[in-house]
Amino acid sequence: MGDPSNKKGKLEKLIELNDELENYFNNTIIPQLFVDADMILRKFTPAAMKHFKLSAGDVSRHIEELSSNIRFPTIVENITEVIESSKDLEKEIQTTDKVWYQMNILPYIVKKENRTNGVIITFIDINDRIQILKGYEKLNRNYENIIHSLSHDIKGPLSNIEGLIRILRETPKSEEDNRLIIDMLSESVVNLRRTVEELADIENDTEFAKAPERVNFENVIEDAKLALRDKIAETQATISTQIREAEISFSRKKVRSILYNLLSNAIKYRKPAVEPEITITTEKAGEYILLKVCDNGVGIAEDQQQAIFNRYTRLHDNVEGTGVGLFIVKGMVEDMGGTIEVESKVGEGTTFTVYFR
């Protein structure tokens, strides 16, 4: 017969340990669930009650009945995996209400029997961390766009300057002609400087919620035409506008880069011996402001129309370019919640439509 005092001591110890466990569950700020091997919810912390709207009546219910409260669709499969493998599971999850958690499912092992008798599930709110990471991912994309844009968007102004210098050197001009060319050179230099400054202005790029500015479409169109003046004159391109929506809230440097790229492509991909005819249209459509750039160029085959937005895609080797222009445009538009679409027929021309939210 055992010692009654020893039994009493063990019982008191068990009661003390149970009280400590209850105290832990009642005071932790971390949502935690204890689910047994039969998938029955046995215990949860007050934080879990708050986050997942659980109540005392949910204890002893099957976890599958509560999966809608937890708002994570594969919770049952994950618990089953841990119970069967007796191995921890850690993953970042997003619940159906768009909150990110780091979820840890730990097996609850009965050591004497060496079996898993359930799991303890911990949820740590990492929503802020995920949003910051997304912000830095966007910042990294912005830096990539800046690098590509700097090499891409300054080619037009540089070409203008080179052309004007060539004219000055090749043939003698009157004093009035020289003055006119110098004025045009000065204008091209100012435009080049502004382009570089806008593209390289990354001082506030870490302010992920920075408010957009009001941008006037006609002003940006004139900037793009000035940057491409040399190509417009060389190809005798005709550019007409139908501005039904005058302004947009967006980053000015991004609108300028988008317009420059689309206008540059409309000139580059012209039909041989045909003068480019380009129409730029803006209009309101529901919650979007639309920018359309329509040309009469060579067109794009239907099976290639999505590939043109991939980085380094070039459909015509005989046309100067790097294949990053439309990739940059798509990234800029999508970063601000918009989309870009293309409609085209080979030999008839192409229309790009940018949906600014």
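A residue counts as buried when its relative accessible area is under 20%. In this predicted model, Ile308 has a relative accessibility of 7%, so Ile308 is buried. The residue sits in the loop between strand S10 (288–294) and helix H11 (325–335). Leu326 is 18 residues away from Ile308 in sequence. In space, the two C-alpha atoms are 6.7 Å apart.

Two packed helices are described by the angle between their axes and the distance between the axes. For helix H10 (residues 252–268) and H11, the angle is about 145° and the axes are 10 Å apart. The crossing of H10 with H11 is left-handed. Sorted by class, the contact of H10 with H11 holds six nonpolar residues, four polar ones and one charged one.

Strands of a sheet pair through backbone hydrogen bonds, either parallel or antiparallel. S11 and S12 run antiparallel and are joined by seven bridges. In this pairing, Ile340 stands opposite Val354 of S12.

Aromatic contacts come next. The model holds five aromatic pairs. One of them joins Tyr101 and Phe123. The ring centres of Tyr101 and Phe123 are 5.9 Å apart and the planes stand at 80°. Planes over 60 degrees apart count as edge-to-face, so the Tyr101 and Phe123 pair is edge-to-face. Tyr101 belongs to strand S4 (residues 100–110) and Phe123 to strand S5 (residues 115–125). The pair therefore ties together parts that are 22 residues apart in sequence. Tyr101 and Phe123 are both buried.

A tilted pair is formed by Phe217 and Phe356. Their rings lie 6.3 Å apart, centre to centre, with 50° between the planes. This pair links distant parts of the chain, 139 residues apart. Phe217 lies in helix H8 (residues 217–227), and Phe356 lies in strand S12 (residues 349–356). Phe217 has a relative accessibility of 0% and therefore counts as buried. Phe356, with a relative accessible area of 1%, is buried too. Ring pairs join Phe217, Phe250 and Phe356 into a cluster.

S8 runs antiparallel to strand S6 (residues 213–216), and four bridges join the two. Arg214 stands opposite Ser249 of S8.

Two loop residues have a positive phi without being glycine. Ser86 has a phi of about 60°. Its loop lies between helix H4 (75–85) and strand S3 (89–94). The relative accessibility of Ser86 is 35%, so Ser86 counts as partly exposed. For Ala273, phi is near 65°. Ala273 is placed in the loop between H10 and S9. With a relative accessibility of 91%, Ala273 counts as exposed.

Definitions and conventions:
Residues numbered from 1 in each chain as written. Predicted model: local features only at pLDDT ≥ 70, side-chain atom pairs only at ≥ 80, totals over all residues. Heavy atoms only, no water. Buried < 20%, exposed > 50% of the residue type's maximum accessible area, 1.4 Å probe, protein only. Axes fitted to C-alpha atoms, helices over the stretch in contact; angles between N-to-C directions. Left-handed = near helix turned anticlockwise from the far one by under 90°. Nonpolar A, V, L, I, M, F, W, Y, C, P; charged D, E, K, R; others polar. Phe/Tyr/Trp six-rings, centres within 6.5 Å; stacked < 30°, edge-to-face > 60°. Pairing = 2+ DSSP bridges.
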